[in-house]
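Hello,

Here is the structure I promised to pass on. Please have a look at it first, then read my notes below.

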Amino acid sequence: MSGISVKGIDFVMFGITDNTGKLIADKDKGLSESGLALIDGDGDGATTANITALEEAGQQQYGNNKVKRVNHGVPSPQVALTMLDMPYDIASKCVGYQTVNGGQVLGNNKPHVALLIASHDFDGNWFFDTFANGEMIIPTRNHGTSNKNETDSNAAFTYQSLAPIPNDVFVNQDGSQQSYKMYNTGESGFTYETMLKEVFGGYTGDNPMASYIQATGTGSFTNTNQSGVNKASGATTSHV
């Protein structure tokens with residue numbers, strides 16, 4: 001079985017695509033040699049990822065003194081993302097800061113950022129909230145004095161989704177393109193290979209989740225259903 005409710009954040013993963021929607025697999029121009037950056041390490045990881053505006057509330061339309069129809073605006077999801085920490089260079093590239101004279105200054109053009117948020121449903125399946133295209137900003141930075149207790153200022157980002165650049169990505173059965181797609185590994189037909197290729201601009205490399213799971217194990221809260229994740233291709237389906 002698979003469910004729609006989820007628990008925790010296992011990780012977030014980013015990729016930067018070019019103006020055609022193709023993943024930039026370059027450690028200098030992109031986020032890594034593979035193009036993907038799974039944020040996990042010493043002190044690194046996501047604290048919150050609050051997604052809003054997944055759908056627009058309907059506007060009621062009346063006829064004969066009755067509600068006869070409801071129309072819906074185009075969804076424009078946003079993610080309020082707080083990181084315990086993440087590598088400085090990756091964060092700078094995602095937001096669009098440029099290195100000038102030894103420091104970072106905001107550039108004129110925002111990068112195209114693909115985002116995947118990984119969690120679990122209560123049956124132990126992986127659950128993924130995904131965006132194939134969007135822009136990231138750092139809207140605020142709050143400092144406070146330390147006293148007997150240390151006052152931390154964790155990095156907070158706002159991710160604003162955009163329509164995927166390739167017209168054949170995130171298309172529904174009615175032929176309309178959407179900016180958000182969710183995946184559950186317990187559902188028939190799911191493959192990691194297909195998901196990663198669609199979300200991250202044609203990515204065809206190894207499944208980065210495999211090394212992540214091997215490094216972190218399956219402890220505590222995750223109740224992880226790992227079937228298929230450790231396959232190098234990531235192409236197998238995972239069911240409970």
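**What I found**

Y183 is buried, with a relative accessible area of 10%. Buried here means under 20% relative accessible area, exposed means over 50%, and partly exposed lies in between, with a 1.4 Å probe and protein chains only.

Before the rest, some ground rules. This is a predicted model: local features need pLDDT of at least 70 and side-chain atom pairs count only at pLDDT 80 or more, while totals for chains, interfaces and linings use all residues. Residues are numbered from 1 along each chain as its sequence is written, and side-chain values use heavy atoms, leaving out hydrogens and water.

**Aromatic rings**

The structure holds 8 aromatic pairs. Rings of Phe, Tyr and Trp (its six-membered ring) pair if their centres lie within 6.5 Å; planes under 30 degrees apart count as stacked, over 60 as edge-to-face and the rest as tilted.

One of the pairs is F128 with Y192. Their centres are 6.4 Å apart, with 80° between the planes, so the pair is edge-to-face. This pair links distant parts of the chain. F128 sits in strand β10 (residues 126–131) and Y192 in helix α2 (residues 192–199), 64 residues apart. Helices (H or I, at least four residues) and strands (E, at least two) are DSSP runs, numbered from the N terminus. F128 is buried, at 0% relative accessibility. Y192 is buried too, at 0%.

Y183 pairs with F190. The ring centres lie 6.1 Å apart and the planes meet at 70°, so this pair is edge-to-face. F190 counts as buried at 5% relative accessibility.

Which residues make up the aromatic cluster? F11, W126, F128, Y183, F190 and Y192 form it.

**An open sheet**

4 strands form an open sheet in the order β3-β6-β12-β11, with antiparallel pairing. Two strands pair if DSSP finds at least two bridges between them. The edge strands, β3 (45–52) and β11 (134–137), each pair on one side only. Strand β6 (residues 78–85) and strand β12 (residues 155–161) pair over 6 bridges. T82 has A156 in β12 as its bridge partner.

**The whole protein**

The secondary structure comes to 3 helices and 13 strands. Buried residues make up 38% of the 240 residues. Among contacts (heavy atoms within 4.5 Å) with a separation of 6 or more, 64% join residues 24 or more positions apart.

Best wishes
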